[in-house]
Amino acid sequence: HFNSTALSGPLTIGTGASQTPSAIVRIREDDQILDSAQVRILSDGVLELGPYFERAGQVTVTDGKVAIGDVPTSDAQLVPSTLTMTGGTIQIARDSALNLQSAVTAMSSAVEPALISGEGTVRLNGTTRVFMVGNGPQAVDLEIQPAIVGVGLEGIEKSGAGTMRFSTAQANHYNGLTTVVAGRLELARPGAVSIPRDLRITQSGDASTVVDACSSISAGPAM
């Protein structure tokens, strides 16, 4: 299906009956899913992008797995119109990216935290992105290991009562404000910058921040 769309309707991968991967969809050309199609990856489902570019509508991960790019390197990109995670893993290979187009909604499941892992990047794409993190059963609800990067003055906003954590030694690079509206933001990037510009913690709700001894806030006072 070179230069054509293979799937024009909703795609569900797995049944959710187990945690063992048994349903796998492998992308083998660019743009194989209709841009507006909903994609659901359940606990026994895997979506593998290989080295390809894929745009989709709402992407929902429920204890499933998404692999963006081949190991060790590839220039793959996943561009979901919206992203929702309840547990599950999105793994981003080096030189590959998760391109955000709207807010991210995430919460841990009974099995695991929602995890974005790997050596690629999470791209903000010119607009401050909201991470709405619910308070689930795990100590950490959303863990982000890759660098979060921007191209202009965009930043991030952490909302929701859950806990979001930045981890691994990959520095975030964006020029906008980091705002914690509610819940908890844990900074745990050893020897690397978690907050590259100003940090604002609002006075409303139960907002709090925990700064790990290995993390860094590079510039700008708390506001």
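This short talk walks through one predicted protein model, from the whole chain down to single residues.

Let's start with the overall picture. The protein chain has 23 strands and 0 helices. How much of the chain is buried? Of the 223 residues, 47% are buried. The accessible surface comes to about 9500 Å². Carbon and sulfur atoms account for 51% of that surface.

Now, contacts along the chain.

Next, confidence. The mean pLDDT of the chain is 89. A value of 70 or more is reached by 86% of the residues. Where does the pLDDT stay under 50? One stretch is residues 210–214. The model gives that stretch 11 contacts beyond four places in sequence. Another is residues 218–223, with 17 such contacts. Where pLDDT is low, the predicted coordinates should not be read in detail.

On to charged pairs. Side chains of opposite charge can pair when their charged atoms come close. How many salt bridges does a search of the whole structure find? The search finds 3. Let's take them in turn.

The R26 and E48 side chains form a salt bridge at 2.8 Å, N to O. R26 belongs to strand 2, residues 23–26, and E48 to strand 4, residues 45–48. The two residues are 22 apart in sequence, so this pair ties together separate parts of the chain.

The next pair is R94 and E119. Their side chains meet at 2.7 Å, N to O. R94 is in strand 8, residues 89–94. E119 is in the loop between strand 11 (114–118) and strand 12 (121–123). This pair links distant parts of the chain, 25 residues apart. R94 is partly exposed, with a relative accessible area of 39%. E119 is partly exposed too, at 46%.

The remaining pair is R165 and E186. Here the salt bridge is 2.8 Å, N to O. R165 sits in strand 17, residues 163–167, and E186 in strand 19, residues 184–188. They are 21 residues apart. R165 is partly exposed, at 26%. What about E186? E186 counts as buried, because its relative accessibility is 17% and the cut-off for buried is under 20%.

Most residues other than glycine have a negative phi. D63 is not a glycine, yet its phi is positive, about 60 degrees. Where is D63? D63 lies in the loop between strand 5 (53–62) and strand 6 (65–73). D63 is buried, with a relative accessible area of 12%. N125 is not a glycine either, and its phi is positive, about 60 degrees. N125 lies in the loop between strand 12 and strand 13 (129–133). N125 is partly exposed, at 35%.

Last stop, S159. This residue is in strand 16, residues 156–159. S159 is buried, with a relative accessible area of 13%. Which residues does S159 contact, leaving aside its neighbours within four places in sequence? They are V130, F131, M132, V133, V181 and A182. Find S159 in the structure above, then look for those partners around it.

Conventions
Residues numbered from 1 in each chain as written. Predicted model: local features only at pLDDT ≥ 70, side-chain atom pairs only at ≥ 80, totals over all residues. Heavy atoms only, no water. Helix = DSSP H or I, 4+ residues; strand = E, 2+ residues; numbered from the N terminus. Buried < 20%, exposed > 50% of the residue type's maximum accessible area, 1.4 Å probe, protein only. Contact = heavy atoms within 4.5 Å. Salt bridge = Lys/Arg side-chain N within 4 Å of Asp/Glu carboxyl O. Areas by Shrake-Rupley, 256 points an atom, 1.4 Å probe, with all protein chains shown as cover. pLDDT = per-residue confidence, 0-100.
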